[in-house]
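Dear colleague,

Please find the structure below, followed by an account of what was found in it.

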Amino acid sequence: MIFITLEHISAHVSFSLTFVITLIYWGTLVYKSEKLSNSGGKGMIVTCICITGVLVSRSLYSGHLPLSNLYESFMFLSWTSSMIHIVIELRGQDAWWLGAITAPSAMLTHGFATLGLPDKMQQSAMLVPALQSHWLMMHVSMILLSYATLLCGSLSSIALLVIASQINQKIFQNSHDQEKKEVKHTFDLSLINYRKWVFTNQLDQLSYRAISLGFSLLTIGILSGAVWANEAWGSYWSWDPKETWALITWILFAIYLHTRINRGWKGQKPAIVASLGFILVWTCYLGVDLLGIGLHSYGWLL
């Protein structure tokens, strides 16, 4: 009983923190403040500890890893988003804007798990026979970690496209403006565009690194899942909807990495490919489960 109470308290505290931290980081986009950014970073650490408390408490009273249903997987996804933020900050990179991506990701996944799902779906239950395997930790954790990193990379690419479109629009408007501009105004405008250009380069690098890591994790997850499927169902690959969408997602991000590594693409072109990956990841992760079809759906919505 004490573990259930601890889980509920940790869940409510962590969600409140993610909401406040999201507002803080969105505020830093308008008013860049080192104090706000530092407070947001400390808040992410506390949030990560609280979500860890949720997962550990559930694991203790359920007797298995908290990766068996939609609620637990969303909480793990929220935990991973906060961990990505902490790891990047610990590496000492100047990414004050990072929280504007990771904090909302943690908040929305957390909010969907705690507020969007009915109470019945949030309760822990006995593992179905197919999940009673030592492959549960290897396969599911790798897949969820890959989803979190791929979503982070895709969101960075979407942000890159939005900022790049604003820069291009301003350049286009200035080139067609027939009025005489003051030198100071022109210099200020060029400085703003330069800062945005540096910002887009940082987003491009974050997207590339996150997707590279996520692609590797997804590969491990698919391979371990194939071995597990052979043990559970007698076949390495059965073209189950989840497997098919995972393969489609893997192919799309393989194309992204091919354009980056072999073609030397940077900036907006590969970002468009990565943005499409955002839709595919959610389709693979949530869409198939919402439909309740295939071997990977265990009656979460039925």
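T200 is in contact with L160, I163 and A164, leaving aside its neighbours within four places in sequence; contact here means heavy atoms within 4.5 Å. T200 itself lies in helix α7, helices being DSSP runs of H or I with at least four residues, and strands runs of E with at least two, numbered from the N terminus. With a relative accessible area of 9%, T200 is buried. For this term, buried is under 20% relative accessible area, exposed is over 50%, and partly exposed is in between, with a 1.4 Å probe and protein chains only. The C-alpha atom of T200 is separated by 9.4 Å from that of Q268, 68 residues apart along the chain.

Before going further, please note that this is a predicted model, in which local features need pLDDT of at least 70 and side-chain atom pairs count only at pLDDT 80 or more, while totals for chains, interfaces and linings use all residues. Residues are numbered from 1 along each chain as its sequence is written, and side-chain values use heavy atoms, with hydrogens and water left out.

Overall composition

The protein chain has 9 helices and 0 strands, so that its elements, from the N terminus on, run α-α-α-α-α-α-α-α-α. Of its 302 residues, 47% count as buried. Among contacts between residues at least 6 apart in sequence, 81% join residues at least 24 apart.

Two packed helices are described by the angle between their axes and the distance between the axes. The axes are lines fitted to C-alpha atoms, for helices over the stretch in contact, and the angles run from 0 to 180 degrees between N-to-C directions.

Helix α1 (residues 2-30) and helix α2 (residues 34-62) have axes that come within 8 Å and cross at roughly 155°. This makes α1 roughly antiparallel to α2, where angles under 35 degrees count as roughly parallel, over 145 as roughly antiparallel, 65 to 115 as roughly perpendicular and the rest as oblique. The crossing of α1 past α2 is left-handed, a term used if the near helix is turned anticlockwise from the far one by less than a right angle, and right-handed if clockwise. The contact of α1 with α2 comprises 17 nonpolar, 12 polar and 2 charged residues. In this classification Ala, Val, Leu, Ile, Met, Phe, Trp, Tyr, Cys and Pro are nonpolar, Asp, Glu, Lys and Arg are charged, and the others, Gly among them, are polar.

Helix α2 also packs against helix α3 (residues 70-90), at an angle of about 145° and with the axes 9 Å apart. The α2 and α3 crossing is left-handed. On the α2 side the contact includes G41, M44, I45 and R58, and on the α3 side it includes Y71, E72, W79 and E89. By class, this contact of α2 with α3 has 12 nonpolar, 6 polar and 3 charged residues.

Between α3 and α4 the packing angle is about 165°, with the axes 8 Å apart. These two helices, α3 and α4, are therefore roughly antiparallel to each other. Their crossing is left-handed. Among the residues that meet are L70, F74, S81 and H85 in α3, and G99, T102, H110 and F112 in α4. The contact of α3 with α4 divides into 8 nonpolar, 9 polar and no charged residues.

Individual residues

T102 belongs to helix α4 (residues 99-116) and is buried, with a relative accessible area of 3%. Not counting residues up to four places away in sequence, T102 touches M44, S81 and H85. The C-alpha atoms of T102 and I21, 81 residues apart along the chain, are separated by 10.0 Å.

S146 is located in helix α6 (residues 135-175). Its relative accessibility is 0%, so S146 counts as buried. The S146 side chain reaches the backbone oxygen of I143 at 2.5 Å. With residues up to four places away in sequence not counted, S146 touches G214, L217 and L218.

W239 lies in the loop between α7 (183-233) and α8 (241-261). At 56% relative accessibility, W239 counts as exposed. Most residues other than glycine have a negative phi. The phi of W239, however, is near 55°, a positive value in a residue other than glycine.

Yours sincerely

How values were computed: Polar contact = N/O pair within 3.5 Å; in protein donor to acceptor, adjacent residues only side chain to side chain.
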